[in-house]
Amino acid sequence: MSLPTLINMMGQLITAPSISSSQSQWDMSNKAVIELLEDWLSHLGFKCEVIKLAGPLEKYNLVATLGEGDGGLVLSGHTDTVPFDEGRWQSDPFTLTERDQKLFGLGTCDMKGFFAIVLDAIKDMCQSPIKQPLIVLATADEESSMNGARALVESGKLKARYALIGEPTSLTPIYAHKGIMMERIRVTGKSGHSSNPNLGNNAMDAMHAVMSELMTFRQELKAQYQNADFAIDYPTLNLGCIHGGDSPNRICAGCDIDFDIRALPGMSNQALIAEIEQRLPVIAERTGTKIQLEHLFPDVPSFATSLESDIVKACEALTKKKADTVAFATEGPFLNQMGMETLVLGPGSIDQAHQPNEFLALDQINPMQDLIRSLVRRYCLEA
């Protein structure tokens, strides 16, 4: 059996739905994608370990290893995609479609296409004598809970010196990004007839005070923390959605607000949450309501790899681009926690990710493959 062509592999990966979402009606298994990758990597001589995650759905990580040693390189990607907008695609999101020198499909750039590019790039290198291991890592649920990466940290199984995550960065090396946490504040009051405010306790009124406090905290963060390496050089706090009440003529008994915070490297997510928690009881006491803070997802830490790291310098030289930062989150901090010096660099643009008609431009493929081969030679064959 010979390995399918790059386009054929990418087409098969796109055809296998693997959406992950906090909404149960969208969430699904990534098993079909993992099975394809396991089959192809086994054919290339990799030792494949498929790891099932805890939970009701069949979610899996794949760790495929070629060679042995305590150094080497991890080429990492996630197997899941976000949901898609029904009716807003010009072609079937689950069929790889080529037009205008671009490959369209759900996951082409974010980031199933990366796996096809990797396998096609390394297929002729796998029979070469290898001094340090080459590991292909495929994770689950990056687009929702990041449970795949969290499970790897807990297991402590994955070990290598360097790691490259192939998220779409337009082939620009990314050495740092902000963290993210998504939170909910729930205010519980008491309903009653709106003709007499004394009959209830309006949760929406109390939420007004909560929102004011969050906006004050946002300004304090902006004034206190800056990092000129980021385009948005301060931590952000976004009030994302609010729900409360059920009728104009009833006193609102409950109101929720969901928000996110994106912290700069060096800041503690836990310290930020503790600061918010400390401010809420004062509002609850003043308004006579119950106020609770809930985590919508486990937080993702900020990510930073030293600019002096060899993989950063190597990728700057190979791409002729200075390493940069981004605002979106990746699995980078979790790979760093496992002791790897990690860089984020991949084909395609984040501007196309999570959008209808997601695509990967064909001119991104060859440069990415040249970079992959160079890193494999540097860290695995010549190490």
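Where is methionine 146 found? Methionine 146 sits in the loop between β6 (134-139) and α4 (147-155); point 6 returns to this residue.

1. Basis of the note. This is a predicted model, in which local features need pLDDT of at least 70, side-chain atom pairs count only at pLDDT 80 or more, and totals for chains, interfaces and linings use all residues. Residues are numbered from 1 along each chain as its sequence is written, and side-chain values use heavy atoms, with hydrogens and water left out.

2. Overall form. The protein chain has nine helices and 16 strands. Helices (H or I, at least four residues) and strands (E, at least two) are DSSP runs, numbered from the N terminus. The radius of gyration of the protein chain is 23 Å, close to the 21 Å that the globule rule gives for 383 residues, so the chain is as compact as a globular protein of that length. That radius is taken over C-alpha atoms, and the globule rule is 2.2 Å times the number of residues to the power 0.38. Along the principal axes, the C-alpha atoms fill a box of roughly 80 × 45 × 40 Å.

3. Of the 383 residues in the protein chain, 53% are buried. Buried means under 20% relative accessible area, exposed means over 50%, and partly exposed lies in between (1.4 Å probe, protein chains only). The accessible surface of the protein chain is about 17000 Å², and 49% of it belongs to carbon and sulfur atoms. Accessible areas come from the Shrake-Rupley method with a 1.4 Å probe; for residues, only the protein chains shown count as cover. Among contacts in the protein chain with a separation of 6 or more, 80% involve residues 24 or more positions apart. Contact means heavy atoms within 4.5 Å.

4. Aromatic rings. A search of the whole structure finds five aromatic pairs. One of them joins tyrosine 162 and tyrosine 379, a tilted pair with 4.2 Å centre to centre and 35° between the planes. Tyrosine 162 lies in strand β7 (residues 162-165) and tyrosine 379 in helix α9 (residues 365-381), so the pair ties together parts that are 217 residues apart in sequence. Tyrosine 162 is buried, at 8% relative accessible area, and tyrosine 379 is buried at 6%. Elsewhere, ring pairs link Trp26, Phe84 and Phe94 into a cluster. Rings of Phe, Tyr and Trp (its six-membered ring) pair if their centres lie within 6.5 Å; planes under 30 degrees apart count as stacked, over 60 as edge-to-face and the rest as tilted.

5. Charges over a ring. Tyrosine 234 has lysine 178 over its face, at 6.0 Å from the ring centre. The charged end of lysine 222 also sits over the ring of tyrosine 234, 4.7 Å from its centre. A charge sits over a ring if NZ of Lys or CZ of Arg is within 6 Å of the ring centre and within 35 degrees of the ring normal.

6. Backbone points to check. Most residues other than glycine have a negative phi, and most peptide bonds are trans. Methionine 146 has a phi near 60°, a positive value in a residue other than glycine, and is buried at 4% relative accessibility. Glutamine 101 also has a positive phi, near 60°. Glutamine 101 lies in the loop between β4 (97-99) and β5 and is exposed, at 56% relative accessibility. A cis peptide bond joins aspartate 110 and methionine 111, with omega about -15°. Methionine 111 is in the loop between β5 and α3.

7. Cysteines. The structure holds zero disulfides, a disulfide being a pair of cysteine sulfur atoms within 2.5 Å. For cysteine 48, the nearest cysteine sulfur is that of cysteine 126, 11 Å away. Cysteine 48 is partly exposed, at 22% relative accessibility. For cysteine 126, the nearest cysteine sulfur is that of cysteine 380, 10 Å away. Cysteine 126 is buried, at 9% relative accessible area.

8. Helix α1. In helix α1 (residues 6-15), the buried residues are Leu6, Met9, Met10, Gly11, Leu13 and Ile14. The buried residues of α1 pack against α2 (31-43), β5 (102-104), α3 (112-122), β16 and α9.

9. Glutamine 352. Glutamine 352 lies in the loop between β15 (341-344) and β16 (359-361). Leaving aside neighbours within four places in sequence, glutamine 352 is in contact with Cys109, Glu358 and Phe359.
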